[in-house]
Amino acid sequence: MSRIGIFGAGYAGLVTGACFAELGHTVSIRDIVPEKIDALAAGCVPHFEPNLGELVERNRERLSFTLDAGEALEGCDFAFICVDTPPTYSGDADLSRVWTVIEELKPLEGRPVLVMKSTVPVGTGEKVRSALDARGLESWGYASNPEFLAEGTAIKDFLEPDRVVIGAFEESDAAAVEELHGGIEAPVVRTDVASAEMIKLASNAFLPTRISFINEIANVCELVGADVEAVARGVGLDSRIGTRYLRPGIGYGGSCFPKDISFLKLLAGNSGYHFQLLNAVIEVNELQKRRVVTKLQKHLGNLRGKSIALLGLAFKAGTDDMRDAPSLVIASRLLAEGAEVRTWDPVADARGLLRSARQCDTISEAVTGADAAVIVTEWDELRSLASPETRAAMRNPLIIDGRNLLDPAEAKAAGFVYEGIGRAASPLDALPETPEREPETSPARKE
Ligand code: UGA
């Protein structure tokens with residue numbers, strides 16, 4: 001079993017550390033924020049992630065938290081960089097925290113391996129290698145081992161991943177990182193460092209590309225009388241395509257997709273390549289968030305003075321994360337139109353972010369007297385929204401379902417005017433109005 005120092009007690013660092021401890025390794029997690037380390041040492045996990053608290057607790061013996069880089073590095077075989085790399089004003093990744101960690105490294109016995117988990121531009125590994133050599137740290141190995149942890153399923157994603165990607169300059173370093181993952185059943189992709197870095201960016205650009213694609217299909221479905229839910233299923237069951245990440249909605253958000261797709265676009269641009277497809281993916285996503293407002297206007301006309309209940313704030317269910325949450329754009333647009341916005345979320349708090357909106361403690365409080373209810377996040381609590389109680393409480397029984405969470409027929413049967421995404425012209429709506437087909441007089445011509 002190995003000793004591991006983890007730099008950064010953020011989301012990725014904590015999950016990585018707790019999971020390696022679960023696999024039997026001894027892990028020291030270092031962060032520079034005293035309150036965070038104190039809280040972790042006292043058994044409080046500052047992230048809303050299912051089972052993470054239990055995992056940390058269960059592995060207390062092998063898991064420690066420190067402010068001291070030297071303590072985290074003591075006798076370690078691996079040092080993982082798990083710090084965040086937020087965008088700078090130019091949109092490039094800010095690697096200052098990565099470089100700070102590298103400055104703290106010192107020569108150790110044997111061949112410790114520095115492992116990059118943070119999402120970094122392609123070419124970072126080369127620069128880190130040169131910096132290590134320039135600082136007399138030639139004995140440190142280096143590997144890129146990107147993370148593919150989705151919030152809400154991060155522990156499962158770590159312990160039962162689709163693949164483990166390891167890019168290294170030396171075969172022996174790659175082999176050491178692979179061995180560290182012993183106990184995890186998954187294909188291992190061993191490659192060069194630049195390719196490993198690119199695998200992360202390409203994955204986080206391809207998934208939003210699928211989402212923007214299905215969102216555009218949904219928008220066309222609304223115009224031509226098709227139901228995107230049936231279309232997504234029918235398309236996705238083609239094993240070459242697959243059903244995942246084909247859920248239409250209000251656009252993707254979170255701390256990763258929006259940032260990483262821009263990183264890749266800029267990386268390509270800085271290298272002299274105009275990545276046209278990504279421009280479209282990003283633009284479609286921005287417009288998708290705003291379509292909710294257009295749908296409300298279609299039903300309510302001018303939104304000035306109208307009361308809109310935004311149900312769900314987090315960028316997806318299962319997290320309290322508000323980073324790049326579509327709810328922020330939708331709420332801000334509604335406020336700009338003069339609407340009164342009430343919000344509800346079971347865990348996310350947007351009081352500081354949306355000062356002009358009223359955050360309610362219950363769904364019932366949010367919908368009482370509302371002119372419309374918008375499902376923004378797919379929380380389970382909202383599955384029973386189309387109830388007689390909600391109908392009686394609302395001023396106007398309009399539901400805009402930004403996640404296609406409800407059954408349109410049930411919502412309508414319960415007396416609501418219902419509109420989802422890409423389902424407005426579902427067969428139920430469209431059939432009575434569909435005009436009779438003209439009888440064909442001549443055989444169709446094939447162009
Ligand atoms: C994402 C990736 O899924 C992880 O593999 C990756 O490791 C992580 O980013 C990261 O780079 O750290 P995450 O941001 O937690 O994870 O969120 P996802 O579950 O992938 O969802 C992202 C957004 O896409 C959400 O707003 C979600 O609602 C939306 N989405 C997802 C859709 O609109 N439709 C879908 O079919 C799937």
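Visitor: How far does a backbone N or O atom of E151 lie from an oxygen atom of the ligand?

Guide: Happy to show you, and please note that this is a predicted model, where local features need pLDDT of at least 70, side-chain atom pairs count only at pLDDT 80 or more, and totals for chains, interfaces and linings use all residues. Residues are numbered from 1 along each chain as its sequence is written, and side-chain values use heavy atoms, with hydrogens and water left out. For E151, the distance from that backbone atom to the ligand oxygen is 2.7 Å.

Visitor: What percentage of the ligand does the protein bury?

Guide: Accessible areas come from the Shrake-Rupley method with a 1.4 Å probe; for residues, only the protein chains shown count as cover. Taken alone, the ligand exposes 720 Å². Of that area, the protein buries 94%.

Visitor: Which element gives the most residues to the shell around the ligand?

Guide: Helices (H or I, at least four residues) and strands (E, at least two) are DSSP runs, numbered from the N terminus. Two elements, α9 (193-224) and α11 (257-270), each give two or more residues to the shell. The top contributor, with 3 residues, is α9.

Visitor: How many helices and strands does the protein chain have, and why is it called as compact as a globular protein of that length?

Guide: The chain has 17 helices and 14 strands. The globule rule, 2.2 Å times the number of residues to the power 0.38, is compared with a radius of gyration taken over C-alpha atoms. For 447 residues the rule gives 22 Å, and the chain is close to that, so it is as compact as a globular protein of that length, with a radius of gyration of 25 Å.

Notes
Polar contact = N/O pair within 3.5 Å; in protein donor to acceptor, adjacent residues only side chain to side chain.
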